[in-house]
Each structure stands twice: as structure tokens, then as C-alpha cells.
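Let's take a friendly walk through the strands and aromatic rings of this protein. Have a look at the model first, and then we can go through it piece by piece.

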Amino acid sequence: MSAITIYQDNNPQQVLEQSSDYAVIHERLAAIGIRFERWDAAFEVTPEMTPEQILEAYAEQIGKLRREEGYVTVDTISLAADNPMKDELRAKFLSEHTHSEDEVRFFVRGEGMFYLHVEDRVYQVHCCKDDLISVPANASHWFDMGPNPDFTAIRFFNNPEGWVANYTGDSIADSFPKFEG
């Protein structure tokens with residue numbers, strides 16, 4: 001289930017607000033410039049589908065978002081718990097970083113946790129199947145796929161070369177609870 005937990009950035013033990021209500025999640029994220037939506041597939045998506053078939057299931061929403069935001073490239077990424085590189089892939093995004101372009105993910109299946117550091121707050125967003133999150137360019141954040149990742153996501157890019165993690169050097173991510181999903 002999708003959820004949001006909001007913390008003071010210097011006190012990860014104190015929860016300021018927590019909710020699994022979509023309207024609350026949407027409202028809190030919209031207030032800080034984060035797009036959060038739920039999408040429904042045009043037809044059932046199954047694990048054996050190809051990336052092309054997955055993209056076709058969400059063609060209407062993908063087209064609308066591309067027109068609105070100018071995304072040039074759309075692809076899918078899948079990661080399973082038996083991937084021998086899972087620990088390295090998880091570690092790559094566990095430190096606070098920014099990107100020079102938006103980081104847009106739609107969860108076709110599975111789950112992951114985005115942590116958004118905005119002003120003096122950390123917004124922990126548990127994203128699940130059917131959730132789209134768009135983290136604007138230059139927003140400080142980190143992502144945790146958990147110790148046993150198992151997800152498929154659709155990714156949107158303006159410029160894939162621009163999607164490089166620029167680490168802030170802040171150790172804030174080390175203080176907050178990890179995703180154990």
C-alpha cells in the first residue's frame with residue numbers, strides 16, 4: 001500500500017505525519033512540487049509480458065505525460081531479488097543525490113521507497129504497483145529498492161545522459177529508516 005511519512009530532517013525518530021490515503025499523499029507531495037498519480041492499465045499486465053507490451057498497456061497515460069512534460073525516451077526496468085548485482089544497485093542510490101533532469105518512475109509491479117529532502121523535512125514515499133512519482137530536476141532525494149528488490153517500472157527521460165546521480169555529500173540518508181520491503 002502506498003504511504004507517506006514526513007519527518008523533521010534532523011530528527012528521523014519523530015514522525016510528523018503519516019498516511020496511506022492517496023488524497024493525502026497526493027496533496028502533501030503536490031505542495032512541494034512532486035507529481036504523484038495512480039494509473040490503470042488498459043489491459044491486464046502479466047509477468048511474462050515484454051517491455052513493449054507493458055508500454056502498450058499504459059500507452060494513453062505515457063502519451064499524455066510525454067506531451068505535457070516533453071519526455072523523449074520511455075523504457076522499462078525490472079529487477080528481481082535473485083539478481084547478483086542487487087546489493088550494488090541498491091547501494092548506488094542510497095545516498096542523497098540530485099539529477100539534472102526529472103526522475104520519473106511508474107511502478108508496474110512491486111515497490112520501492114523514495115526519500116525527498118525538501119527544506120527542513122524528509123518525505124518518505126512508499127511507492128507500489130500503479131503509482132507514478134516524478135521527482136523534479138535538482139531535487140535532493142534518495143531511493144531504496146530494499147534488500148530483495150522485485151519490481152518493474154516505466155522510466156521517462158528528457159536526456160538519458162543527464163540522468164546521472166550527483167551526490168550531495170550529505171550523510172542524511174544514513175539516519176533514516178531503510179526500506180526492508
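Trp-39, Tyr-58, Tyr-71, Phe-106 and Phe-156 make up one aromatic cluster. Bear in mind that this is a predicted model, where local features need pLDDT of at least 70, side-chain atom pairs count only at pLDDT 80 or more, and totals for chains, interfaces and linings use all residues. Residues are numbered from 1 along each chain as its sequence is written, and side-chain values use heavy atoms, with hydrogens and water left out.

Searching the whole structure gives 11 aromatic pairs. Rings of Phe, Tyr and Trp (for Trp, the six-membered ring) pair if their centres lie within 6.5 Å; planes under 30 degrees apart count as stacked, over 60 as edge-to-face and the rest as tilted. Two of these pairs are set out here.

| Pair | Centre distance | Plane angle | Class |
|---|---|---|---|
| Tyr-7 and Phe-176 | 5.2 Å | 75 degrees | edge-to-face |
| Trp-39 and Phe-156 | 6.2 Å | 85 degrees | edge-to-face |

Tyr-7 belongs to strand β1 and Phe-176 to the segment after β12 (166-167), so this pair ties together parts that are 169 residues apart in sequence. Helices (H or I, at least four residues) and strands (E, at least two) are DSSP runs, numbered from the N terminus. Tyr-7 and Phe-176 are both buried, where buried means under 20% relative accessible area, exposed over 50% and partly exposed in between (1.4 Å probe, protein chains only).

The other pair spans the chain too: Trp-39 sits in the loop between β3 and α2 (51-57), while Phe-156 is in strand β11 (residues 151-157), so parts 117 residues apart in sequence are tied together. Trp-39 is buried, with a relative accessible area of 5%, and Phe-156 is buried at 0%.

Next comes the sheet that holds β11. In what order do the 5 strands of this open sheet run? The order is β3-β9-β6-β11-β4, with antiparallel pairing; two strands pair if DSSP finds at least two bridges between them. At the edges stand β3 (35-38) and β4 (73-79), each with a single partner strand, so one side of each has no neighbour in the sheet. On average, neighbouring strands of this sheet are turned by 20 degrees against each other, direction ignored; the axes are lines fitted to C-alpha atoms, for helices over the stretch in contact, and angles run from 0 to 180 degrees between N-to-C directions. Within this sheet, β6 (residues 103-109) and β9 (residues 131-135) run antiparallel and are joined by 4 bridges. Phe-106, a member of the aromatic cluster, has Leu-132 in β9 as its bridge partner.

Back to β1, the strand of Tyr-7. Strand β1 (residues 3-8) is mostly covered, with 5 of its 6 residues buried. It runs antiparallel to strand β8 (residues 121-128), to which 6 bridges join it, and it pairs in the antiparallel sense with strand β2 (residues 11-19) over 5 bridges. β1 and β2 form a hairpin, with 2 residues between them. Ile-6 has Tyr-123 as its bridge partner in β8 and stands opposite Glu-17 in β2.

Leaving aside neighbours within four places in sequence, Tyr-167 is in contact (heavy atoms within 4.5 Å) with Lys-92, Ser-95, Glu-96 and His-97. A polar atom of the Tyr-167 side chain lies 2.4 Å from the backbone oxygen of Lys-92. Tyr-167 and Arg-155 are 12 residues apart in sequence and 20 Å apart in space, C-alpha to C-alpha.

Key. A polar contact is a pair of N or O atoms within 3.5 Å; within protein, one must be able to donate a hydrogen and the other to accept it, and residues adjacent in sequence count only if both atoms are side-chain atoms.
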